Every structure is written in structure tokens, then in C-alpha cells.
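My entries follow in the order I made them.

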Amino acid sequence: AAAKRQRGAAAGARPRKRARREPSAAEAAPAAAAAGAAPGEYSIPAPVSQGKWKNKERVLIFSSRGINFRTRHLMQDLRTLMPHSKADTKMDRKDKLFIINEVCEIKNCNKCIFFEAKKKQDLYMWLSNAPQGPSAKFLVQNIHTLAELKMTGNCLRGSRPLLSFDPTFDKEPHYALLKELFIQIFSTPQYHPKSQPFVDHVFTFTIADKRIWFRNYQIIEEDASLVEIGPRFVLNLIKIFQGSFGGPTLYENPYYQSPNMHRRLIRLSVAAKFKEKQQVKEAQKIKKNETKILVKDDFTETVFETPAEEKPVEVQLVKPEPKATVKDKRKPRKTQRKKQKKLFRIEA
């Protein structure tokens, strides 16, 4: 019978596998020399996948119920562009927003992008650092998705993006806070398992007209030019809160105008135009019904009038002769023909 191997036996124990690590500079030099590389030449570095994944940022991207198809496609595009994102089911509109912090804790996420739909036409975006904060609320405008744009650019799925910011982000404090929030949410962590070790597209955040414009461009290797891929949207800042989905207000945008107020102003402008037309019609009716003022006769009008010559009045004393009436010669012939036709009918 074969003897059973003991686990603690020194002869039968296998050596444990050591974790791969990237060789240091001191170890890489003799290894390169042994491989035949000259001391002045560059050696090929170790693969990027051997690095350690230290940044454990995870972003939860989901929405509330009542969003339209365009918002759903935008949410799906952000998930494809961000390999460190996670998805969840839609949240009921009756639930309070602070419940999202518990959902982030269950999903093991420390950042959140939440799309909130109202009146089936207005879309709001929350960017939050769960659960401590801060958080920012935006109104999303001018949404264009990847499928809608149909642009020529194309980038590798899961590649790490470059983040490009407008110089205005460093001038004002609330923009500096948003810049740090954008960096932590949209930047893909290094050595993430689902990410690719390439940088081939750029996320740009530009400030114009008191709004933040988001664009996604591909970097072309030949001439280092940029080609827009999408998606694209505009963020109109509403408020910045100290906590996650609530808390004291750190900043409120004084230039923000709610969609309800915007639609109300449009209706008022249309009503003002209609009211102006009605007033013009009423003024024209009043002018027509007003009594006309009689202008006095001007005695100087008859200065250049020349009197016509007076003709003598002729009185006709003799009665004029009556005009001769010409009888129609065809009438008796017509009557004869009618009589003959009647006779023929009677005989028949």
C-alpha cells in the first residue's frame, strides 16, 4: 500500500508561489546586463498589469423612475466610458435622497452619479462623495448620446482618459471644489482590473455662459489631433451642499433660472404679443367710430375758379314726332310653324 503523504512533511511539501512584483532599478540593471543590453540602452519595462491597484474609487451610476430614452442612453454611455462604475435599479421617486448613501454602502461605492427626472422633461444630475460629502446638483441641458451623434471617432473601451479643465476652475473656490469632484469621479483608477493600459481620449470641462460644457475627444496618433466621440451635455450648476445629498448650502448659483420659470417667461412673452395685437385692433375700431370734425370752408378756395359760360335756355314748343316701330318679320312665320307642329301631333 502506498504511504499517505503528510501535510507537514518537508520532503513532500511544495514551495509556495511568490507574488510577482515589478523589479526595482537596482535589480533591473544587472538583469539587463545579463540579457545582453548595453548600459546606455533602455530596457523594456514590466507590463502595466503587474502594478498594484491602490485607488479603490468606485462610482455608482443610476437614476430615478420617469427618465426618458435619451437619459437612459446617456447613463449607459457613461457606464461604458467609466470601467470603475457600477449600476443599480431605478429608485422610486417617493424615496428620500439620503437613502442613496445606504445604496452606495451596499454596493461598496464611495462616489455617486444620480440622475433625477421631474415632470418627464427636466433632468437633474447629482454628483456626490458618499457618505461624508460634498455634493453638487446640476441641471442637465443639450444632451447628445453616442448613438445620436454618429461621429467618426472611436476609442478603446475601458481605456483611461485625460481630464482637461478650463483655467477658470482655478480662479474661483466653488469651481475648484467641483474640479476636485470631477477628478475623483471621472478619472479611471490606475491598474484597475477592467481598465486598459492606454490613454487615447480626453474629457474636457469648459466653462462658458455660466455653465460647464462636457465633451469627449479621441486622440489621433498620427498628428495628435482631436476628434469628438461623444457623449456631450451641458451642466448648469444649482447648489453645492456640504453633506451627501443634503446638508448646509456651500454655494448657490445666482444666475440659475429654473425650467418652470423659463417656460413661464416664454408663455408670458407669447401672451404679451397677443395682447398687443388686440390693443391695436381696438384702437383702430375706436378711430373708426369717432365723430369726424367738420372743417370750415375756406373762402380762398374760389379765387382761381373761372365761371362757365351761360347758355340760353331753349324751350321746345312742338311735340316731337313718335319713333317708327320696326316689326319683327319672323314672328308670323314662327307662329305658323308652331300651329303646323300641333296639327301634326294631333293627327299622329
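The model is predicted, so I keep its limits in view: local features need pLDDT of at least 70, side-chain atom pairs count only at pLDDT 80 or more, and totals for chains, interfaces and linings use all residues. Residues are numbered from 1 along each chain as its sequence is written, and side-chain values use heavy atoms, with hydrogens and water left out.

**Entry: A147**

I looked up A147 and found it in helix 4 (residues 146–149). Helices here are DSSP runs of H or I with at least four residues, strands are runs of E with at least two, and both are numbered from the N terminus. Is A147 buried or exposed? A147 counts as exposed, because its relative accessibility is 58%.

I call two strands paired if DSSP finds at least two bridges between them. Strand 1 (59–63) runs parallel to strand 3, with five bridges joining them. In that pairing V59 stands opposite K111. On its other pairing, strand 3 meets strand 4 in the antiparallel sense over eight bridges. There K118 stands opposite D122. The hairpin of strand 3 and strand 4 has three residues between the strands, and K119 takes a positive phi near 60° in it. How much of strand 3 is covered? Seven of its eight residues are buried.

**Entry: strands 10 and 11**

Next I took strand 10 (residues 232–243) and strand 11 (residues 246–252). They run antiparallel and are joined by four bridges. F241 stands opposite T249 in strand 11. This hairpin has two residues between its strands, and F245 takes a positive phi near 60° there.

**Entry: salt bridges**

I count a salt bridge when a side-chain nitrogen of Lys or Arg is within 4 Å of a carboxyl oxygen of Asp or Glu. How many does a search of the whole structure find? It finds eight salt bridges.

I looked at E57 and K111 first. Their side chains meet at 3.1 Å, N to O. The pair links distant parts of the chain, 54 residues apart: E57 sits in the loop between helix 1 (25–35) and strand 1, and K111 in strand 3 (residues 111–118). Both E57 and K111 are buried.

I then turned to D122 and R263, whose side chains form a salt bridge at 3.1 Å, N to O. D122 lies in strand 4 (residues 122–129) and R263 in helix 6, so this pair ties together parts that are 141 residues apart in sequence. D122 is buried, because its relative accessible area is 9%. R263 is partly exposed, because its value is 23%.

R215 and E228 came next, at 3.8 Å, N to O. R215 is in strand 8 (residues 211–219) and E228 in strand 9 (residues 226–228), 13 residues apart. R215 counts as buried because its relative accessibility is 14%, and E228 because its value is 13%. Salt bridges with shared partners join R215, E228 and R232 into one network.

**Entry: surface patches**

My patch rule takes residues with over 30% relative accessible area and no salt bridge, joining like charges within 9 Å and nonpolar side chains (Val, Leu, Ile, Met, Phe, Trp, Tyr) within 5 Å. Lys and Arg count as positive, Asp and Glu as negative; His and the chain ends are not counted. Each charge is placed at NZ of Lys, CZ of Arg, CG of Asp or CD of Glu. Accessible areas come from the Shrake-Rupley method with a 1.4 Å probe, and for residues only the protein chains shown count as cover.

Which residues gather in a patch of negative charge? They are D297, D298, E301 and E305. D298 is in the loop between helix 6 (259–289) and helix 7 (330–347). D298 counts as partly exposed because its relative accessibility is 40%.

The positive patch includes K331, R333, K341 and R345. K341 lies in helix 7. K341 is exposed, because its relative accessible area is 54%.

The nonpolar patch consists of V313, V315, L317 and V318, with about 510 Å² of accessible area together. V315 is in the loop between helix 6 and helix 7. V315 counts as exposed because its relative accessibility is 66%.

Key. Buried < 20%, exposed > 50% of the residue type's maximum accessible area, 1.4 Å probe, protein only.
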